[in-house]
Amino acid sequence: MADLIQNVQQVYQKWEKRSAPNVRYRKNRNQFPHSVSSTNNEGAAYVPDHGNYRQIRDKRNKYRPRIQNFKLPKYDGLAQFKMAPSIFPESKSRPFMGSACAKCVPLSKASILDPSVYSLGVNNALHIPFFHSRNHFNLHMNDVLKLLKPQKPVYLDVSTKVLSSKSVLSAIDKAVEMHEKGYNTGDDIAISKAKVELYEKAKTILYTMKASISTLCLNLSSVFLHCIFNKVFNGILIHKGQIEILKSVSQENIPVIYLPVHRSNFDYMLISFILYRNSLKIPLVAADEKLYIPFWRYLMKFLGVFFVRKHLDCDQNETDYVYKAVLKSYITESLKSGQNLEFFTEGDLSISGKPRLPEVGLLSIVVDSLLTGSIEDVYISPVSISYEKIIERNFVRELLGHPKDKESFFSVLHSIWKMLHLNFGNVRVNFGQPYSLKEFLSSSKPKSLTIPDDNSSPESASSESSNPINRDLIKEQHQALVNKLAHHVIYDATFSTSLMSTHLLAFLFVSRYRKGATQQQLQSGMEWLRAQLLIKKHDLGFTGESLPAIKYAVDSLGNNLIMSEIIEMEWTSSDLENNNVKVIVYKPVMKLPHVLELQYYANSVMPFFLLESMIVNSLYCLVDVDICHFRLCDSKLYVSRDKLIDKALELNSMLQYEFIAASPCADISLLLNDVLDELIEKEYLHVAGATVVHHNRNLQHSRKSAMAFDESDEEEELQCAREQQLKIDLKEESICHLEFLRNILSPYIESYWLSACALLKLINEVKEESVFIQEIQETAQ
């Protein structure tokens, strides 16, 4: 028996002394540590080649969950590997981004029959199975096969229908009447000659405007863009569930209008590339007429771009009437033929990182075509795009008051050449769930506006608006309806944006650690911020531990924005030895123009804490004292709930041109009350007296559940909620959190105050805009 035990112990000792497996790691650009997101039970997205088994083994070892090293006491009877507990990876369900509004389009939101699409995970659009190459400019075999395979002509030319449409012909007649009144010419020959000239102008306008999609150019550009994107990006991340939803919608033969936020000139190329790679019809993309430059225009037309003017308002000119009619007819006929569209609701690039106010020119044409019965229905899909690194860097000069540089063919080539020598990290593209525009208009329209049925004609749909008395009213209601749709699209796209690690790090530096922070402080702050976003049911554009994400974000932002310093700290822990500890400290560069670039990254996170910041800034305004001086004291700082909500509404009204704080279908007052209740629940504020803390939240829940409350009882309860007196909690944790929320909007409030004070200098004095802006900047510094 003793010999048996001795033999077993020898075997265990040999097992303990075994060498680690020899694994060689190989770098791969398509595999990145902090950005490939995955969900539960999701396997590798790439099918291995049997001849490259070492690379597959390296990938499995790379993404295998790390097992912690446990220091266990040694026993002679058991091997150490039997003493370590089993570690299993945590299963965390990630929120699905881009769902449709349950209040405005409930039928479209419930149209997803298979809920498994929500958990399909994230895929890299640059990753192609079976064909991997170290040289990114080699043609992949499946792309070559696509070039040789004939394609069906699914992109129809609608030029004949556009020029023969009633809107274009009536616009020509109206322009001729204006010309006849201006020159007092009643000759029939002159009128017919003017019509012919205007018709030729309409043909020229349409030829300059329209897209001429070529399937051969699409195939070639797909290969070319894959090589370019593989060089400048580490990965293009898309949710596979969103792509499956788009594929199911495309089977209904209803056109889809993609409405992305505008962050870079790569935006429309990314969307077309992703859709084409997933066998979806690419949309016709609206571009500014200023980009109509030699050679570039033909290439863009072949890829589905049509050119429009930036401003569509008529200047009482016959050519402007014809242009607007041609544009409206081209969009309508393209939708009727089943073509998808894409245009930027913001109109221009965002120079601050936050969404711009919408421009509703093209969207108004689509809504008008549906209201008049020219098209049956279209789907709206908001699209959000988030970059790890800023691509367009000219915004800093514009924010400092310098004029925008004019674009030319050589400037575009120069900018593209510079981009090819840089790396911009990862890109996350989220496609919002498409919803019916007809359903949205039916739930949001006033009673005087009519939505045509499937059997109605355009003449019957427009008969009610023929009365001159109601024409102005209907036009005003139509404009309000389009504005509501545009604001809803911007809101949906903003709150479906996947935030990158660079966004979170910049937000922490701007709002919490302006004077710098240690690596440990940043790690705890990053984990807290990620937890808060998860509570708000918001997904991120990266996964993994917070500390590697922080290091990756610091490297991406660069030394111009984040400075790092190693500090050696010495102290004596015992009488025998001294301990030296090195602490890494990161400090943001808070000087112009670098702080503007840092704020650009942080503005992507700001909308998710906007309402909380409005409440806290209103709180500081009503208290009118520095709360930090009352730290750990007996709180005697009270504020009325009613006054606090009114002040927050006033602040929201002041910042309405900066942010879209709430969805147009939501009540901002109720949302602010909900945020205030959350602050009370977390004990940052306390209710003075015996009033129920969750009173207003329960009242709102009762309205949603349609419980039978008497109107008088509701009014009494609402009055009690308004008369609440709130007391500020003065604990260290509470004050730090309130200061954090205050710092989110305080730079904007200070900028508004400084600009208002500077406007007083213009009384009885005239200054140039550039000089005035420079004086404001000097005063701010």
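Axes are lines fitted to C-alpha atoms, for helices over the stretch in contact, and angles run from 0 to 180 degrees between N-to-C directions. The model is predicted: local features need pLDDT of at least 70, side-chain atom pairs count only at pLDDT 80 or more, and totals for chains, interfaces and linings use all residues. Residues are numbered from 1 along each chain as its sequence is written, and side-chain values use heavy atoms, with hydrogens and water left out.

**View A. Packing of H24 against H25.** Helices (H or I, at least four residues) are DSSP runs, numbered from the N terminus. The axes of H24 and H25 are 10 Å apart, and the packing angle is about 125°. H24 is therefore oblique to H25; angles under 35 degrees count as roughly parallel, over 145 as roughly antiparallel, 65 to 115 as roughly perpendicular and the rest as oblique. The crossing of H24 past H25 is right-handed, that is, the near helix is turned clockwise from the far one by less than a right angle. Contact means heavy atoms within 4.5 Å. On the H24 side the residues are Arg641, Leu644, Ile645, Ala648, Leu649 and Asn652, and they meet H25 residues including Ile668, Leu672, Leu676 and Ile680. By class, eight residues of this contact are nonpolar, three polar and two charged (Ala, Val, Leu, Ile, Met, Phe, Trp, Tyr, Cys and Pro count as nonpolar, Asp, Glu, Lys and Arg as charged, and the others, Gly among them, as polar).

**View B. Ser663 in the loop between H24 and H25.** H24 spans 641–654 and H25 spans 668–681. Ser663 counts as buried because its relative accessibility is 9%; buried means under 20% relative accessible area, exposed over 50%, partly exposed in between (1.4 Å probe, protein chains only). Not counting residues up to four places away in sequence, Ser663 touches His488 and Tyr491.

**View C. Crossing of H23 and H28.** The axes of H23 and H28 (residues 732–759) come within 8 Å and cross at roughly 90°, so the two helices are roughly perpendicular. Among the residues in contact are Leu610, Met614 and Tyr620 of H23 and Leu738, Leu745 and Ile749 of H28. The contact has nine nonpolar, three polar and three charged residues.

**View D. The largest nonpolar core.** A nonpolar core is a set of buried Ala, Val, Leu, Ile, Met, Phe, Trp, Tyr and Cys residues joined through side-chain atoms within 4.5 Å. Of its 73 residues, Leu504, Leu505, Phe609, Ile615, Ile728 and Leu745 touch the most other members. Helix H23 (residues 610–623) gives the largest share, eight residues.
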